[in-house]
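Subject: Structure handover, side-chain contacts

Hello,

Here is the structure for you to look over. My notes on its side-chain contacts follow below.

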Amino acid sequence: QVQLVESGGGLVQAGGSLRLSCTASGSFLSINVMGWYRQVPGQQRELVADINSRGSTNYADSVKGRFTISRDSTKNTVYLQMNSLKFEDTAVYYCYATIATTQWGIYYETWGQGTQVTVSS
């Protein structure tokens with residue numbers, strides 16, 4: 001039905017930058033929210049940032065001022081620009097989206113497979 005395809009993860013030194021991207025494909029009516037979560041082994045998955053269809057954004061306190069989320073609705077793509085990366089940012093990052101598949105206004109959460117971001121000193 002709907003797939004989220006991620007790219008941009010990898011290994012980076014502390015203080016460096018990465019940009020993640022995620023594109024939704026398949027059969028759906030519309031996308032409401034797109035965003036990113038991250039998870040460290042043994043820890044709870046947490047919200048990093050999200051953005052709705054109007055461009056309003058939310059950020060975790062730990063990434064405010066360093067990360068920027070954006071989207072290109074014409075391409076069904078969300079981006080996460082990560083600057084001034086810290087060791088604590090090391091995690092698997094998961095793209096997500098709330099998508100209306102069969103009824104307008106009824107949205108379901110869809111997840112990507114995850115991409116590893118590793119920050120080294």
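Over the face of which residue does Arg-45 lie? That residue is Tyr-94, with Arg-45 at 3.7 Å from the ring centre. Arg-45 also has its charged end over the ring of Trp-111, 4.8 Å from the centre. (A charge sits over a ring if NZ of Lys or CZ of Arg is within 6 Å of the ring centre and within 35 degrees of the ring normal.)

Some ground rules. This is a predicted model, where local features need pLDDT of at least 70, side-chain atom pairs count only at pLDDT 80 or more, and totals for chains, interfaces and linings use all residues. Residues are numbered from 1 along each chain as its sequence is written, and side-chain values use heavy atoms, with hydrogens and water left out.

Aromatics
There are 3 aromatic pairs (ring centres of Phe, Tyr or Trp, the latter by its six-membered ring, within 6.5 Å; planes under 30 degrees apart are stacked, over 60 edge-to-face, the rest tilted). Tyr-37 and Trp-111 pair edge-to-face, 5.0 Å between centres and 65° between planes. Tyr-37 lies in strand E4 and Trp-111 in strand E10 (residues 108–111), so this pair ties together parts 74 residues apart in sequence. (Strands, E, are DSSP runs of at least two residues, numbered from the N terminus.) Tyr-96 and Trp-111 form a tilted pair, at 5.6 Å and 35°. Here strand E9 is linked to strand E10, the two residues being 15 apart. Tyr-37, Tyr-96 and Trp-111 make one aromatic cluster.

(Buried is under 20% relative accessible area, exposed over 50%, partly exposed in between; 1.4 Å probe, protein chains only.)

Salt bridges
The count is 4 (a side-chain nitrogen of Lys or Arg within 4 Å of a carboxyl oxygen of Asp or Glu). Asp-89 bridges to Arg-38 at 3.0 Å, N to O. Asp-89 is in the loop between strands E8 (77–82) and E9 (91–100), and Arg-38 is in strand E4 (residues 30–39), so parts 51 residues apart are tied together. Both residues are buried.

Asp-89 also bridges to Arg-66, with closest N and O atoms 2.8 Å apart. Arg-66 is in the loop between strands E6 (57–59) and E7 (67–72), 23 residues from Asp-89. Again, both Asp-89 and Arg-66 are buried. Arg-38, Glu-46, Arg-66 and Asp-89 are linked in a salt-bridge network.

Lys-64 and Asp-61 form a salt bridge at 3.1 Å. Both Lys-64 and Asp-61 are exposed.

Best wishes

Technical notes. Helix = DSSP H or I, 4+ residues; strand = E, 2+ residues; numbered from the N terminus.
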